Amino acid sequence: MRTTTIPARLAVLALLAILSVPAGAQDRAGGPAQEGAPKDWQGRYRCEHAAGRTAGGTGIVVTYDLVLLPPDVSDGCVLTVRGFQADETLRCRTRREGQDLALTFDRYGDGRTVNRYGVAVYKPGQPLFTLAKGGALVTRWQGLKPDGQGVADRGAYFKRVR
C-alpha cells in the first residue's frame, strides 16, 4: 500500500510547474520575457551588414531592421532580415539584463517555430543578441550572427533610426 501525503503531491506539482517554463522565458528576477520593450528601448534600429562581393561581383548586403514597441503591443518586438539570400521576419521577446536588453527568439512571422523550409534554426527562448547602451549601441551576437569573415562577436552594429 502506497501512502503519499498531500504536501508531497503539492511539492511535486510545484516542481513540475517550474520545470514547464520554456528556457529564456523568465529573466533573472523571475519575471517573464515580454514581446515589447521598456520605454527607454522603444524605437526602430537598423544594422546594415556588408560581407563583400560574390565571385560575380554582386554585393553581399543584409539589412537587419528591429522594431521595439511597448510591452502591451502584440508583436512588439520584430526583427526583419532582408538582403542577399535573406528574407525572413522573426518575432522576438525582450528581457532587461541590468541596463542591457536581451532579445530572444519567439517565432517566425508566420507564427511557426520553423522557417519556410521546415528547419528549426532557433529554439523558442534562445538568445539572439543583446544590446547595450554606452557611447555607441553595442551588439553582442549570440544565436543570430551576420554571415561573413571578420564579424566580431560584439561591436557597434545596430543604430537607432527613430
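**Salt bridges and the disulfide**

Arg95 is buried, with a relative accessible area of 10%, where buried denotes under 20% relative accessible area, exposed over 50%, and partly exposed the range in between (1.4 Å probe, protein chains only). The structure is a predicted model, in which local features need pLDDT of at least 70 and side-chain atom pairs count only at pLDDT 80 or more, while totals for chains, interfaces and linings use all residues. Residues are numbered from 1 along each chain as its sequence is written, and side-chain values use heavy atoms, with hydrogens and water left out.

Arg95 forms a salt bridge with Glu97, and the closest N and O atoms of this pair are 3.3 Å apart. A salt bridge is defined here as a side-chain nitrogen of Lys or Arg within 4 Å of a carboxyl oxygen of Asp or Glu. Glu97 also counts as buried, at 19% relative accessibility. By the salt-bridge rule, the count for the structure comes to 14.

A further salt bridge joins Arg46 and Asp65, with the closest N and O atoms 2.6 Å apart. Arg46 lies in strand E1 (residues 43-53) and Asp65 in strand E2 (residues 59-68), so this pair ties together parts that are 19 residues apart in sequence. Strands (E, at least two residues) and helices (H or I, at least four) are DSSP runs, numbered from the N terminus. Arg46 is partly exposed, with a relative accessible area of 33%, and Asp65 is likewise partly exposed, with a value of 22%.

Asp87 and Arg82 form another salt bridge, in which the closest N and O atoms are 2.9 Å apart. Asp87 counts as partly exposed at 41% relative accessibility, as does Arg82 at 35%.

The link of Cys77 and Cys92 is left-handed, with -90 degrees about the S-S bond. Both Cys77 and Cys92 are buried. Cys47 counts as buried as well, at 1% relative accessibility.

Notes
A disulfide is a pair of cysteine sulfur atoms within 2.5 Å.
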